[in-house]
Amino acid sequence: MKLKCLGVESTAHTFGASVVESDISQKGYEKSTCDILSNEKDTYTTEKGGLIPRELAEHHYKVAPIVVKEALSKAGVKLSDIDIIAFSQGPGIGNALRCGAVTARQLALSTGKPLIGVNHCIAHIEIGRKLCAATDPVMLYASGANTQIICYENEYYRVFGETMDIGIGNFLDNFGRELGLGFPAGPVLDKEYFKGTKLINLPYTVKGMDLAFSGLLTSAKKNIPLIENGKMKREDLIHSTLHNAFAMLTEVTERALAHTEKKEVILGGGVGCSKALQEMVGKMCEERGAKLFVPPSSVMADNAAMIAWTGLVLNTKGHKLNPSSAKILPKQRTDDVKVDWR
C-alpha cells in the first residue's frame, strides 16, 4: 500500500504545497518509490528592494488556500485521500513558518490525519539523496539564510562547516539590491557572472571549515560607484564577487571530502541552482575523483515536495506531533535532529 503525504513549505519567501506518494513504509528507503504528484508554490518577490517580513506573511496567508487546492487538484486527489500532513517546522522566518504551521495544523485537525514537523535543511538532504540515488554524500547546502557543509555521521547530519555571518543567498540578494535588482537577485547575478572577463581583487575569507561573506560584501559595495563613473565594468564586479564567494564554498566542500573520505557531493538550496557554482564544484569533484549530484532545480529551491517526502520518511519511525500544540522552531539547526531512519 502506498501512502500519500501533503507537504507544506513556508520557511521564507515561498509558500508551497505538494503531494508525494510512496511505498516506503513497506519497502524501506532504498527500494521505495518517490512519486511527486504535484509541487505547487507561490513566491514573494519584489522589483526593487528586499524581503519584508510583514508583507511576506500577508502574502503567505493570502495564497495558502489557493496553493493547497492547486496541489491537490494537480495530484488528482481529494484531501480525504491524504494519509499524512507534513510541514516545515524550522529553521526559518517566524512570520513565514507560522503561516505554514497554521495551515498544516488546520488540515490535520479537520481530517484527523497524522501531523509531522520537518526540518527544512534535512528535507533538502533527503529529497536530493532520493532523487539522485546518492548513497552517502557531502552536501553543500547553499540557500538564503543557510550556508552549511553537511555529512551524515553517527546518527546525525553533522555540520562540518558553515557561514559565520550571513547566508550565501542573503549575501547575493544584498549585493543585488545595491545594483538596483529586486528579490531574489541570485538568478540575475548568475547570468551576469558569465559575461565578466576580469577578476578584481576582493576579500576571500575562509577560516578552517567556516567562511564569512560580510567583508566581501562590504568591499563589493564600495566598488559600485566605480561602475557608475565608468571606471569598472558591472559584469566584471559581479563576476569577481560571485567567483570569490563560490570559490570559498568549493574550498570548504573539498576539505569536508578530504576529512570524511567520502566520494559524493550533492548540492542543495536555491543557490545550488547557480550554473556558476555547479561548474566550480563540478571541476573540484572531477579533480578529486568524486561524483557531483545536482538534483532538479524544482527541488533545490524552497519547495514542498521535499517536505512531503521527508514527512513520509519520518513517518516510518513514528515522528508525529499533536496538532493542537505543534510549534514552529525558527532557530532549529540541522544537527539538532537525531537521524533514526538511516
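Strand 5 gives the largest share of the lining of the second largest pocket, four residues. This is a predicted model, in which local features need pLDDT of at least 70, side-chain atom pairs count only at pLDDT 80 or more, and totals for chains, interfaces and linings use all residues. Residues are numbered from 1 along each chain as its sequence is written, and side-chain values use heavy atoms, without hydrogens and water.

**Terms**
- A pocket is an open set of points on a 1 Å grid over the protein atoms alone, where a 1.4 Å probe fits, with protein on both sides within 12 Å along at least five of seven lines; lining residues have an atom within 4 Å of a point.
- Volume is the space filled by probe spheres set on the points, which are joined across faces, edges and corners.
- Helices (H or I, at least four residues) and strands (E, at least two) are DSSP runs, numbered from the N terminus.

**Second largest pocket**
- Its space is about 180 Å³.
- Fifteen residues line this pocket, and Gln89, Gly117, Leu314, His319 and Val337 lie nearest its centre.
- Strand 5 (115–119) and helix 11 (305–315) each give two or more residues to the lining.

**Largest pocket**
- This pocket holds about 1,200 Å³ of space.
- Among its 49 lining residues, Ser143, Gly144, Ala145, Gly169 and Asn170 are the closest to the centre.
- Elements giving two or more residues include strand 3 (35–43), helix 4 (120–132) and helix 8 (234–260).
- Helix 5 contributes the most, with five residues.
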